[in-house]
Amino acid sequence: MLIKRREDHLLAREKALAEGVKKVAAELRLVDLVDFITYIRTEQFANIEDIVNSSVELLFKPGTLTFGWGADLRVDWGEPPQIMLDMEFRHMSVTVFFGLALEAHHASVEIRYVSFEDAADDPEVNTRRLAEAIADARLSVPVVGSRL
């Protein structure tokens, strides 16, 4: 029962994180797949960091969502290609290390580690803190044509 409850909290956290980074994933999928393959195979992580930073800068506050300097790929004859990027989210005393998997038409996240400074005893409270931190880290984008 305890494992099931823990998995429920992890799933809720992954869902909140995935919702928070979905526009970043869409931006990253605009990059030519061959570029990602080349940079990953030749371990040119600074180039990947530049791409991630460019995709993040209009959507998140500086330093809140960053590339974790690790990446992998799956490029096989019988399956669609998949790029996996190590990512970090840090904001409002919440830290998350996660994998962002990019495929042609969708993306997914896998939380590897999450830390809450002064964590609550109730995992649901911590999950809400994560959702609030993600929401606060996102930049509000003005609507085109609106007046400030």
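This is a predicted model: local features need pLDDT of at least 70, side-chain atom pairs count only at pLDDT 80 or more; totals for chains, interfaces and linings use all residues.
Of the 148 residues, 34% are buried.

As for overall dimensions, the C-alpha trace spans about 50 × 45 × 25 Å along its principal axes. The radius of gyration is 16 Å, which agrees with the value near 15 Å that a compact globule of 148 residues would have. The chain holds 4 helices and 4 strands, and read from the N terminus the elements go α-α-α-β-β-β-β-α. Looking at contacts between residues at least 6 apart in sequence, 52% join residues at least 24 apart.

Helix H2 (residues 33–41) packs with helix H3 (residues 45–56) at an angle of about 140 degrees, the axes lying 8 Å apart. H2 is therefore oblique to H3, since only angles over 145 degrees would count as roughly antiparallel. On the H2 side, Phe36, Tyr39 and Ile40 do the touching, and they meet Asn47, Ile48 and Ile51 of H3. Sorted by class, this contact has 5 nonpolar residues, 1 polar residue and no charged ones.

Over in the strands, glutamate 110 sits in S4 (residues 107–116). Leaving aside residues up to four places away in sequence, glutamate 110 touches Glu14, Phe97, Phe98 and Gly99. Lysine 23 is 87 residues from glutamate 110 along the chain, and the C-alpha atoms of the two are separated by 17 Å.

Conventions: Residues are numbered from 1 along each chain as its sequence is written. Side-chain values use heavy atoms; hydrogens and water are left out. Axes are lines fitted to C-alpha atoms, for helices over the stretch in contact, and angles run from 0 to 180 degrees between N-to-C directions. Helices (H or I, at least four residues) and strands (E, at least two) are DSSP runs, numbered from the N terminus. Angles under 35 degrees count as roughly parallel, over 145 as roughly antiparallel, 65 to 115 as roughly perpendicular and the rest as oblique. Contact means heavy atoms within 4.5 Å. Ala, Val, Leu, Ile, Met, Phe, Trp, Tyr, Cys and Pro count as nonpolar, Asp, Glu, Lys and Arg as charged, and the others, Gly among them, as polar. The radius of gyration is taken over C-alpha atoms; the globule rule is 2.2 Å times the number of residues to the power 0.38. Buried means under 20% relative accessible area, exposed over 50%, partly exposed in between (1.4 Å probe, protein chains only).
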